Amino acid sequence: IPSVSSIVPESCLLIVVGLLVGGLIKGVGEEPPILKSNIFFLFLLPPIILDAGYFLPLRQFTENLGTILIFAVVGTLWNAFFLGGLMYAVCQLSGPSLNHIGLLANLLFGSIISAVDPVAVLAVFEEIHINELLHILVFGESLLNDAVTVVLYHLFEEFANFEQVTIIDIILGFLSFFVVSLGGVFVGVIYGVIAAFTSRFTSHIRVIEPLFVFLYSYMAYLSAELFHLSGIMALIASGVVMRPYVEANISHKSHTTIKYFLKMWSSVSETLIFIFLGVSTVAGHHYWNWTFVISTLLFCLIARVLGVLVLTWFINKFRIVKLTPKDQFIIAYGGLRGAIAFSLGYLLDYKHFGMRDMFLTAIITVIFFTVFVQGMTIRPLVDLLAVKKKQETKRSINEEIHTQFLDHLLTGIEDICGHYGHHHWKDKLNRFNKKYVKKCLIAGERSKEPQLIAFYHKMEMKQAIELVESGGIGKIPSAVSTVSIQNINPKTLPVEPILPALSKDKEEEIRKILRNNLQKTRQRLRSYNRHTLVADPYEEAWNQMLLRRQKARQLEQKMNNYLTVPAHKLDSPTMSRARIGSDPLAYEPKADSENLPIITIDPASPQSPESVDLMNEEPKGCGGLPPSPEEDEEGLVMRVKEPSSPGTDDVFTPGTSDSPNNQRMLRCLSDPGPRPELEEGEPFIPKGQ
């Protein structure tokens, strides 16, 4: 019935089926089976978590890991203590029916009901096709909050047996969180590495390759549960670690087997869990208390909304891509509870928790409300709010190239800035993985294969399979004619150019040059701050030298222009008389005007004015010697400038042109010449004179 399944999520329909089956069994007079906690935790939950961990979108997960951890750890702790504290207050104010429930029992109940359930989230979110960011935030939170739930559950269960809880017990309980979470990850990593190493030697027995993946993953889960560590964290860690190495070693048929077997196994487990929830609701013993159940439901919703709003306000201070109010609403609304809470409640002991039936009734009510009401209304709300949905696009080589290019670029920018962000550590991890880990865990030449080539091979194989499945293989000619085969000439391999062998001394010299001149970006550099920049001792000397060179070039250019630009046209007699009348002192002939040099250049000379070096021109009478008759006839003597030695600097080394007479001559030459003509309407006599 497609019209029903498009409105109601599959998980709701399965619970309804379970309710019908349970009612039918009870109507016949038999006792319906109840979902035992051991069956749930040992057989039904691991396939779902392994499927989620093995095919986890690692890039989105690692980029949002900080946000996921804050939601999973701080958010779950807030929910547990807020709910437990308020429920204790409700119990104390409600009268004799709830007075006997103490603070520890309420905190234990809060820790059970506060965790978001991965099975329920997967069942609902995969149907509405929400965008990758929101999906990984809610689903990642549901996976990683397992460690918090396990710690709080065992902690309050143990504290309930104590006569008095001391501060040391609380500190040890806090430390046990790190032991449970990190211990689970450590166990998962060890089994993931063992699975990858084993798959290196299975090339001659391809049939049992999928078995090793399931076997080592399940052993990781059991080993973690054996020591009361987080089994879910162990499964996720083992799946994430083993996948890249196992897929490089196993055959394509084994990869297909693993993929479809995991999907089938997790789907069957999910179906059984929701059906058993419905059956257990009919079969279980219930104790209904309106005050307790309604308060639990109300405080669950309030705690979730407040937690998401406060944590998102804090997280958005550090995120580049901010979480919008729409995103916050979906994250808060997607906090579904499921079978993990029911199974933990079922595990409670009647001796210490006589109110277990009331706890289970409240838990089932919350599960039904979140799965039915929130699960059914989240799809219309996503459409109503126009939340961005997942785009089903195939990755291309172009996208892969640009993704890798941007990763390298961001890593380089972080290195230059001296800032060690997550791109830097990701690059370090990739280098370590390529240099050491791949050689140990991947067999043959695949360990040296670049990532882009491996991605291309994967895409090529996928395209070939799709072609076969769609029947496109029939379009390819089945046989090739012998004539065409004979016409195919084997390609001769291009001969690689042989590089000239370098001597050891030459090689060492090149290395030394590179070491001295290339910037060592891998060193720890200071973060850039213009207030804390250290002055370079050589910088001032370089600036002085550059300024002097610039001045010398400008002077030379002025002199060249003076020699090459034609003389300014003479003023009219009226204009000259007006100028002299306005400022007679400026145009009065000076006493030493006879000593000024007269520059005459022979236009027939093959030496052009540009090639004349004016720095070494000596006018007659300026050198301290009496002018000779030849110099009288020639005017200025042009001398060729001697080339400077290679090691000297033409700015700092004084030459013959630095004498006072030459400098005086240069000042004469650098005179800009007559003033430009005044425009009409401008007074001859400037203001102020």
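Author: Welcome! A helix here is a DSSP run of H or I that is at least four residues long, and helices are numbered from the N terminus. Please keep in mind that this is a predicted model.

Reader: Thanks! Which helix holds Ile190?

Author: Helices carry numbers counted from the N terminus, and each has its own residue range. The range that takes in Ile190 is residues 167-199, and it belongs to helix α10.

Reader: Is Ile190 buried, partly exposed or exposed?

Author: Buried would need under 20% relative accessible area, and exposed would need over 50%. Ile190 has 37% relative accessibility, so this residue counts as partly exposed.

Reader: How far apart in space are Ile190 and Ser238, C-alpha to C-alpha?

Author: Ser238 is found in helix α12, residues 231-249, while Ile190 has its place in helix α10. In sequence, 48 residues separate Ile190 and Ser238. In space, their C-alpha to C-alpha distance is 7.5 Å.

Reader: What is the relative accessible area of Ser238?

Author: Setting aside neighbours within four places in sequence, Ser238 is in contact with Gly188, Gly192, Ser217 and Ala220. Ser238 is buried, and the cut-off for that word is under 20%. The value for Ser238 is 0%.

Reader: Let's turn to charges. Which residue forms a salt bridge with Asp51?

Author: Side chains of opposite charge can pair when their charged atoms come close. For Asp51, the closest N and O atoms of the pair are 3.6 Å apart, and the partner is Lys263. Asp51 lies in helix α3 (residues 37-54) and its partner in helix α13 (residues 252-283), so the bridge ties together parts that are 212 residues apart in sequence.

Reader: How far apart are the closest N and O atoms of Arg304 and Glu141?

Author: Arg304 and Glu141 form a salt bridge with a closest N and O distance of 2.8 Å. Arg304 is part of helix α14 (residues 290-315) and Glu141 of helix α8 (residues 132-144), so this pair joins parts 163 residues apart in sequence. Both residues are buried, and their N and O distance is 2.8 Å.

Reader: What is the relative accessible area of Asp383?

Author: Asp383 and Lys389 meet through their side chains in a salt bridge of 3.0 Å, N to O. Lys389, at 36% relative accessibility, counts as partly exposed. Asp383 is partly exposed as well, and its relative accessible area is 46%.

Reader: How many salt bridges does the count come to?

Author: Some salt bridges are linked in a network, made of Arg59, Glu63, Asp407 and Lys426. For the model, the count of salt bridges comes to 10.

Reader: And how many aromatic pairs are there?

Author: A pair of aromatic rings is described by the distance of the centres and the angle of the planes. Rings pair if their centres lie within 6.5 Å. By this rule, the number of aromatic pairs is 20.

Reader: Is the pair of Phe81 and Phe156 stacked, tilted or edge-to-face?

Author: The ring centres of Phe81 and Phe156 are 6.2 Å apart and the planes stand at 80°, so the pair is edge-to-face. Phe81 lies in helix α5 (residues 65-93) and Phe156 in helix α9 (residues 146-159), so parts 75 residues apart in sequence are tied together. Phe81 is partly exposed at 42%, whereas Phe156 is buried at 5%. The name for this ring arrangement is edge-to-face.

Reader: Which ring lies under the charged end of Arg356?

Author: A charge sits over a ring only within 6 Å of the ring centre. The charged end of Arg356 is 5.0 Å from the centre, and the ring belongs to Tyr346.

Reader: Which residues link with Phe292 into a cluster of ring pairs?

Author: Through ring pairs, Phe292 is linked into a cluster with Phe109 and Phe359.

Methods
Residues numbered from 1 in each chain as written. Predicted model: local features only at pLDDT ≥ 70, side-chain atom pairs only at ≥ 80, totals over all residues. Heavy atoms only, no water. Helix = DSSP H or I, 4+ residues; strand = E, 2+ residues; numbered from the N terminus. Buried < 20%, exposed > 50% of the residue type's maximum accessible area, 1.4 Å probe, protein only. Contact = heavy atoms within 4.5 Å. Salt bridge = Lys/Arg side-chain N within 4 Å of Asp/Glu carboxyl O. Phe/Tyr/Trp six-rings, centres within 6.5 Å; stacked < 30°, edge-to-face > 60°. Lys NZ or Arg CZ within 6 Å of the ring centre and 35° of its normal.
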